[in-house]
Amino acid sequence: MSVQSCPECAADVAFAAPPELNEIIECGECAGELEVVSVDPLIIAVAPEAEEDWGE
Amino acid sequence: MIRAAIVGGAGYIGGELLRLLLGHPEVEVVASTSARLAGRRVDGSHPNLRGLTDLVHSSPDALPDCDAVFFASSGLDDPAQRAALASRAKLVFDLSADLRLTDPALFAKHYGAHPTPDLLGTATRGLPEVDRAALRTANLVSVPGCMATAGILGLRPLVEFIDGPVTVDGRVGSSGSGASAGEMNLHAERANVLRVFAPLGHRHQAEISQATGLTVRMTATGVDAVRGVQVLCRTQVRAGVTETDIRKAYRAAYADEPFVRVVAQKRGNYRLPEPKILLGSNFCDVGFALDADTRELLVVGALDNLVKGGSGNAVQSLNIRMGWDERLGLGFPGLHPV
Ligand SMILES: [Zn+2]
């Protein structure tokens, strides 16, 4: 099992299986969607999120 | 098993204490007092407890000796009676505001002159995340206010980062003002409100200041909900403080806490703490947003005012005092959807 640091919140993000390129995983702390952008070396990046606006 | 009694068991906090203690594997509830409803069944005041107890409210004078007594209402009107009731048990948990502040002058400013000021400063605060060590041996515990609890748990781990005063905007459901009838509690007056009932200097600001050392200014608004508290705490951080610093501080404070969760997420409907999903539970969720450019920090705390903001905190404090698992009797996780 490999562990990476979430680029958004720095929480530990664990991979149960060997990560695959472009695999999307979710950070347990910030709920950010993270994409595996490189396998060797292992690099994960934040995928963009939608914003909410209730005040329009 | 220990024997526990509740003074002021007919109110909303009393009802929640009864609900939690009746479900507690190590506690037998032996009495619930109510000056107004003595002789009436407990499940008449708290219909959710039907089938769980045949207990009848007793007069405060009839409080039996027991191991723990919980004050769910203020004893300031009759200090002699309060002292007599407290002497019935070795352990006393006070959920009223009577003992929350340590400084008599500050107490007088927010609540009026205390009839027995010598009592101020004698209780251990019942906020397990802050006071756990002291609670292990405390025989007199003062449970903090509901909005104060949410504010303290949100702000305290971040004190070293904060630079300047904190403005707390508290929102609270109608159960926060108790079970007594009155014109202000008519449905027609309560429904659909966004009522700024304490525009400046709400009482709980003194508790938050006392627990954090921060300068706190607090506004409180009654909202159209029965239960729930949410506090928005606005302040500035010192130069160079990052989101990672804040998350690290929260993790250090709360990673091992059974009832505090850090909620500051990037996706989903519940990105920041919201009382809706905490009702009936003993959780306090804390979260934040930081604008690193302007150094503006928003801390959000949420809880059920009757549980983590009162009865649940008291039961958790009892569990610590007795050396039991802190989660005993407090396992309910809240509802979704609700
Ligand atoms: Zn994350």
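Helices and strands are DSSP runs, helices of at least four residues and strands of at least two, numbered from the N terminus. The exercises below use a predicted model.

**Exercise 1. Describe the strands of chain A and the confidence assigned to them.**

Step 1. Count the elements: chain A has five strands and zero helices. Along the sequence, the pattern reads β-β-β-β-β.

Step 2. Read the confidence. The average pLDDT of chain A is 86, and 86% of the residues score at least 70. Among the elements of chain A, the lowest mean pLDDT, 87, belongs to strand 1 (residues 2–5), and the highest, 92, to strand 4 (residues 33–39).

Step 3. Consider burial. Chain A has 56 residues, of which 32% count as buried.

Step 4. Take one residue as an example. V3(A) belongs to strand 1 of chain A and is partly exposed, at a relative accessible area of 44%. V3(A) and V13(A) are ten residues apart in sequence, and their C-alpha atoms are 5.5 Å apart in space.

**Exercise 2. Which atoms coordinate the zinc ion, and why is the arrangement called tetrahedral?**

Step 1. List the donors. The zinc ion is coordinated by the SG atoms of C6(A), C9(A), C27(A) and C30(A), at 2.3 to 2.4 Å.

Step 2. Apply the angle test. Four donors count as tetrahedral if all angles lie between 85 and 135 degrees. The four donor atoms here subtend angles of 104 to 114 degrees, so the arrangement is tetrahedral. For reference, the ideal angle for four tetrahedral donors is 109.5 degrees.

Step 3. The cut-off for buried is under 20% relative accessible area. C27(A), at 1%, is therefore buried, and C30(A), at 0%, is buried as well.

**Exercise 3. Which backbone features occur at A10(A), A31(A) and P41(A)?**

Step 1. Start with A10(A), in the loop between strand 1 and strand 2 (12–15) of chain A. Phi of A10(A) is positive, near 70 degrees, in a residue other than glycine. With a relative accessible area of 24%, A10(A) is partly exposed.

Step 2. Turn to A31(A), in the loop between strand 3 (24–26) and strand 4 of chain A. A31(A) is not a glycine, yet has a positive phi of about 65 degrees. At 4% relative accessible area, A31(A) is buried.

Step 3. Finish with P41(A), in the loop between strand 4 and strand 5 (42–46) of chain A. The peptide bond from D40(A) to P41(A) is cis, and omega is near 5 degrees.

**Exercise 4. Are A138(B) and D77(B) buried or exposed, and how many residues of helix 6 of chain B are buried?**

Step 1. Take A138(B), which sits in the loop between helix 5 (128–135) and strand 6 (140–142) of chain B. The relative accessibility of A138(B) is 5%, so this residue counts as buried. In sequence, A138(B) and L49(B) are 89 residues apart; in space, their C-alpha atoms are 30 Å apart.

Step 2. Take D77(B), in the loop between strand 3 (66–71) and helix 3 (79–86) of chain B. Exposed means over 50%; D77(B), with 80%, is therefore exposed. The C-alpha atoms of D77(B) and P117(B) are separated by 14 Å, and the two residues are 40 apart along the chain.

Step 3. Examine helix 6 of chain B, residues 146–155. Ten of its ten residues are buried, so the helix is largely enclosed by the rest of the structure. Among the buried residues are C146(B), M147(B), I152(B) and L155(B).

Definitions and conventions: Residues are numbered from 1 along each chain as its sequence is written. Chains are lettered from A and ligands numbered from 1 in the order in which they are written. This is a predicted model: local features need pLDDT of at least 70, side-chain atom pairs count only at pLDDT 80 or more; totals for chains, interfaces and linings use all residues. Side-chain values use heavy atoms; hydrogens and water are left out. Donors are N, O and S atoms within 2.8 Å of the metal (3.2 Å for Na, K and Ca); water is not among the atoms, so sites may look incomplete. Four donors count as tetrahedral if all angles lie between 85 and 135 degrees; four count as square planar and six as octahedral if opposite donors are over 155 degrees apart and all others between 65 and 115; anything else is irregular. Buried means under 20% relative accessible area, exposed over 50%, partly exposed in between (1.4 Å probe, protein chains only). pLDDT is the predictor's confidence in each residue, from 0 to 100.
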